[in-house]
Structure formats: C-alpha cells, structure tokens
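Here is a friendly briefing to read alongside the structure you are about to see. Please keep the viewer open as you go through the points.

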Amino acid sequence: MREESEWRFSDDRGQVSAAPRRPERVLAYIQAGATLWGLGIRPQGIFGSDHDGPEPDRAKAGTLPLDEVAYVGAGGALDVGRLLGDGPDLVVAVSYGGGHVYGLAPETAKPLEERVPVVVIDVSQARTFAGIGDRFAELARSLGAGDRADADADLDAARERLRAVAAAGPAGAPRVVALSPAGSDQAHVARPGMWPELRVLAELGVHLVEPAPGPGANWSTLGRVEAFALRPDVILTDIRAHAAPLDELRGSGDRSAPVVPWNPEPLYGPRDHARFLGLVADALEAARVR
C-alpha cells in the first residue's frame, strides 16, 4: 500500500493494515463483530471458531442483529472463497497470543491476508480487560464510530455499584464460582486469574473461588461432586452453545445459588461490560438474602 493511504491501523501483531479509504464492509470473528457493534460499527458479516456450528452462537453474538449480519460459517467450513464471498474490505480477528488468528486455519489465514487487510486484536490472558477494550475502541474510532461518553459513564456507574455491593454486608463475602458445565458429571472450573473479565471482578472485591492447583492452565476439570464442594454462593455459568446446561450438571441438587450467565469470550464494549457487572451485583445481593 502507498504511504498516503487514507486509512491505517496497526494491530496487536504490530502489522499495519492500510487501504485507500476507510473500510465499510467488515467481516469479523463473532466476538469481535459483536464488540464492534456495541461500539457503533455494524459488521457486514461474522464467522465462528472450531467450537461453533453452522448457525451463529447467540451467546457470543450479544446484541448483534443476526437477521441483518451474514454468518459465513465456522471451522472447517471456512475457506478463502467463502470468507471473501460478500466482498469484505477488512477482516477483524482475535488472537490468544503469538499472533495466531483464532478460528482460521493457517492455510486459510495466510492467503486471506494476501487478498484483504486483516486486523488482529490480542484477547489473551496476558492482557487486561480494559486494555483489550481500548484496542477495540481505537479500531472502532478508526472505522468511523462516534463518541461513547454515555456508555463510559454507564460502565463507571456499574463498576462503582459492584464495588459497593461486594464490600457491603457482614464478613464472609459470597463465594463466586465460574464454570463451564461439561455434562451431568463434570465441569470445567475457571482459574480466575487467567480470565481478564474475571480479574476485573476480583479487582472490584468479588470473592472468586480458586480451584486447587493441578492440570489445566485456564480450567480445572472436576467431577460434579468436587465442583459443588467449592460451595458456590453464586455461579457464573458458561452459556456458549457448546457448553452443557447448568441444570444438567446440578441435577436434582440445590438450585438456590443465584446464577449469572457468563460468556468466556466476552464483549469488550462498555455497555456490554456494564451489563455483565450489573448482573453480578444483582446476584451478590440475592445471595446475601438467601
């Protein structure tokens, strides 16, 4: 690209994407597309990962208008021809480190980048939630998004409310367990320090339960009995399509603990984040009056 290109953006790999004019037909990984939508940019299309199927995962899609945004598929169904079928002039993807494009095979990602600019945002555990959000906001502004002062104010209010709720009440804050059900007899329990959004909760005073050291960097896989032996007062449960329903894991056991729907592939816009913090605050208040 010529140096005088009108649009330029340096992504989290340090690679600069450039175009003669600001891109308007954005194809994005579903998490990135839903985040951009919350920031004022509507993607033309979205794609999923190997965890996804022929239909978009609504838990990952947030408030995206799925009747207006094309879903081009996921995993092995994706090739360069399918990704470029609707003529995108920018692809936005995420990475969990090392600059690898999540959701696309290397043999697909490389030729794709030879045809269209690809921006990759690093969402790995090494980053802070705020830092990831700032990068998405920078990208959205470069694509024409307007001011988000009201959304930022809503997020500030949600943070202060959660901080106050977490600090209120007697000693012994409600125990919060984040997990992804894997059926009736097993759950993947999150190690909170490995998840940027969960670290935010801890910073605001939420008592997140840490599973015992052992195999698994991000998750500790436990049997049903061991998972509930963590004595959760509040459960954050994975609501992505490939996770099992929480009721399947709980069976006929105690269902009194408040439940917060949790997307481990969170959306990084301020309104989306504020909504999640509000749900956690509601659940903590409910746990205290049980």
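Just after H7, glycine 205 takes a positive phi of about 100°. Keep in mind that this is a predicted model.

- Within H7, the buried residues are Pro196, Glu197, Leu198, Val200 and Leu201.
- The space in the largest pocket comes to about 390 Å³.
- In total, 27 residues line the largest pocket. Nearest its centre lie Tyr96, Trp195, Asn218, Trp219 and Pro264.

- As general background, nonpolar side chains tend to be buried together in soluble globular proteins.
- What does phenylalanine 136 contact, leaving aside its neighbours within four places in sequence? The list is Ala32, Thr35, Leu36, Leu39, Val94, Ile121, Val123 and Tyr268.

**Aromatic pairs**

- The structure holds eight aromatic pairs.
- One of them joins phenylalanine 136 and tyrosine 268: the ring centres are 5.8 Å apart and the planes stand at 15°, so the pair is stacked. The cut-off behind that word is an angle under 30 degrees between the planes.
- Phenylalanine 136 sits in helix H5 (residues 129-142), while tyrosine 268 sits in the loop between strand S13 (259-262) and H10, so the pair ties together parts that are 132 residues apart in sequence.
- Both phenylalanine 136 and tyrosine 268 are buried.
- Elsewhere, one aromatic cluster is formed by Tyr29, Phe47, Tyr96 and Tyr102. Of these, Tyr96 is also one of the residues nearest the centre of the largest pocket.

- Helix H4 (residues 106-113) has Thr108, Ala109 and Leu112 as its buried residues. They cover an arc of only 95° around the axis, which puts them on the same side of H4.
- Which exposed residues does the face of H4 turned away from its buried side carry? They are Pro106, Glu107 and Lys110.
- The cover over the buried residues of H4 includes helix H3 (80-83), strand S6 (90-95) and strand S7 (118-122).

- Leucine 230 belongs to the loop between helix H8 (224-228) and strand S12 (234-238). Is leucine 230 buried or exposed? Its relative accessible area is 14%, and the cut-off for buried is under 20%, so leucine 230 is buried.
- Not counting residues up to four places away in sequence, leucine 230 touches Arg175, Val177, Val189, Val209 and Leu222.
- Leucine 230 and proline 181 are 49 residues apart in sequence, and their C-alpha atoms are 15 Å apart in space.
- Arginine 231 is in the loop between H8 and S12 as well. Arginine 231 is not a glycine, yet its phi is positive, at about 55°. With a relative accessibility of 53%, arginine 231 counts as exposed.
- Serine 49 is in the loop between strand S4 (45-47) and helix H2 (58-61). At 0% relative accessibility, serine 49 counts as buried.
- Beyond residues up to four places away in sequence, serine 49 touches Tyr29, Lys60, Ala74, Gly75, Tyr102 and Gly103. Among these, Tyr29 and Tyr102 belong to the aromatic cluster.

**Cavity**

- How many cavities of 30 Å³ or more does a search of the whole structure find? The search finds one.
- The largest cavity has a volume of about 50 Å³.
- Its lining is made up of Leu27, Gln44, Gly45, Ala70, Val72, Leu83, Gly85, Asp86 and Pro88.

Definitions and conventions: Residues are numbered from 1 along each chain as its sequence is written. This is a predicted model: local features need pLDDT of at least 70, side-chain atom pairs count only at pLDDT 80 or more; totals for chains, interfaces and linings use all residues. Side-chain values use heavy atoms; hydrogens and water are left out. Contact means heavy atoms within 4.5 Å. Rings of Phe, Tyr and Trp (its six-membered ring) pair if their centres lie within 6.5 Å; planes under 30 degrees apart count as stacked, over 60 as edge-to-face and the rest as tilted. Helices (H or I, at least four residues) and strands (E, at least two) are DSSP runs, numbered from the N terminus. Buried means under 20% relative accessible area, exposed over 50%, partly exposed in between (1.4 Å probe, protein chains only). The arc is that of the directions from the helix axis to the C-beta atoms. On a 1 Å grid over the protein atoms alone, a cavity is a set of points where a 1.4 Å probe fits but cannot get out, and a pocket is an open set with protein on both sides within 12 Å along at least five of seven lines; lining residues have an atom within 4 Å of a point. Grid points are joined across faces, edges and corners, and a volume is the space filled by probe spheres set on the points.
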